[in-house]
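Here is a short briefing on helix packing. Look at the sequence and structure first, then read on.

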Amino acid sequence: MNITLIQGDGIGKEISDSVMKIIAATGLDINWEVVNAGITTFESTGELIPDNVYKSLEKNKVALKAPITTPIGKGFRSVNVHLRKKYDLYANIRPIKNIGTVPAIHQNMDIVLFRENTEGLYAGIEERINDDERISIKKVTRKNSERIIKAAFDYAVKNNRKKVAVVTKANIMKETDGLFLDVAREVAKNYKSIEVQEVLVDNMAMQLVMNPSQFDVIVTGNLYGDILSDLMAGLIGGLGLASSVNMGEDMAIFEAVHGSAPDIAGKNIANPTAILKAACMMLEHIGKNKEASRITKALDKVLSDKNNYTVDLGGNNKTDEFTDKIIDLL
Ligand code: NAD
């Protein structure tokens, strides 16, 4: 099985090396096509996304991607956003679930967030009117709203989930978020077994902090989804634990929710859990459920002993020590 691996920037190589070793320890023979994109690649080749990345993605259709640095406020647009748009990876799916005994603000969280991944304020339609005035246009379409909302409801039915929360700010953005909400109401008519919760995004932020167990599946727009999923990652113990997939009709790119963590790059202290969980989602996607389940169990067991925690979780394990502990269990 060929899978594209984009090693990315910052801690990307450290955490993706860890994943490759752990998957190899299950006995699964994956032919990783290791390619690179991002700022490190740009500095050495003059290209942010070299041709071999596109070729590999288009051939294999499944990829694991380590985080990529994006300059803030200036410079090139995000490689991540570019790939999502180019390959129409419209569904960003982010499961948030406690792991082991990792200290968390909330225990027993089990929510899956569906974030529209191709439009909204991430469409990048921005304009400089003059030095002191800038605008950013939020684009919402029926087609793109419908497919992400359907994906969330289909997931709920398939996974025996009871509720879907539709999160908007439709009271203020009556056109854009209003359309998203209208479409959700229409789609929901076809899913009679699912309870629909309509929640405004500001209230949602508060409700998630106060009482997250009232939610099951969440579907929302691009920016809200980005922010709420980081917030939820914080509730289960931090960004080092949350994984995601960018899913289109015929391609899927799996990744951690966190960024390239330049502050800890090269120190062998990054926590590989988030990208490892993304790799487990990837294994399930390619039908390797048994291996995904073995890794998930081993990870849960390792993270049930605080002596195994990495630095971000308050422990002192190095990336490679943590990796070896999972491999020992496998
Ligand atoms: P970040 O997620 O990289 O880091 C935030 C904090 O969390 C840092 O203190 C970091 O050390 C810590 N952290 C993150 N991942 C960790 C891990 N696996 N183990 C231990 N600690 C971890 O967010 P940022 O600093 O805002 O962004 C850095 C860069 O990453 C930016 O250029 C940003 O654009 C990019 N980014 C990329 C992606 C992606 O590729 N999908 C996602 C988010 C941010």
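**Two helix pairs**

Helix H1 (residues 12-25) packs against helix H9 (residues 273-285) at an angle of about 45°, with the axes 9 Å apart. That angle makes H1 oblique to H9. The model is predicted: local features need pLDDT of at least 70, side-chain atom pairs count only at pLDDT 80 or more, and totals for chains, interfaces and linings use all residues. Residues are numbered from 1 along each chain as its sequence is written, and side-chain values use heavy atoms, leaving out hydrogens and water.

**H1 with H9**
- H1 crosses H9 in a right-handed sense.
- From H1, Ile-15, Val-19, Ile-22 and Ile-23 meet Ile-275, Leu-276, Ala-279 and Leu-283 of H9.
- The residues of this contact divide into eight nonpolar, no polar and no charged.

**H5 with H6**
- Helix H5 (residues 142-158) and helix H6 (residues 176-188) pack at about 45°, and their axes lie 9 Å apart.
- H5 is therefore oblique to H6.
- The crossing of H5 and H6 is right-handed.
- H5 contributes Arg-142, Ser-145, Glu-146, Ile-148, Ile-149, Lys-150 and Phe-153, which meet Leu-179, Phe-180, Val-183, Ala-184, Glu-186, Val-187 and Ala-188 in H6.
- The residues of the contact of H5 with H6 divide into nine nonpolar, one polar and four charged.

**Terms**
- Contact means heavy atoms within 4.5 Å.
- Angles under 35 degrees count as roughly parallel, over 145 as roughly antiparallel, 65 to 115 as roughly perpendicular, and the rest as oblique.
- Helices are DSSP runs (H or I, at least four residues), numbered from the N terminus.
- Axes are lines fitted to C-alpha atoms, for helices over the stretch in contact, and angles run from 0 to 180 degrees between N-to-C directions.
- A crossing is right-handed if the near helix is turned clockwise from the far one by less than a right angle, and left-handed if anticlockwise.
- Ala, Val, Leu, Ile, Met, Phe, Trp, Tyr, Cys and Pro count as nonpolar, Asp, Glu, Lys and Arg as charged, and the others, Gly among them, as polar.
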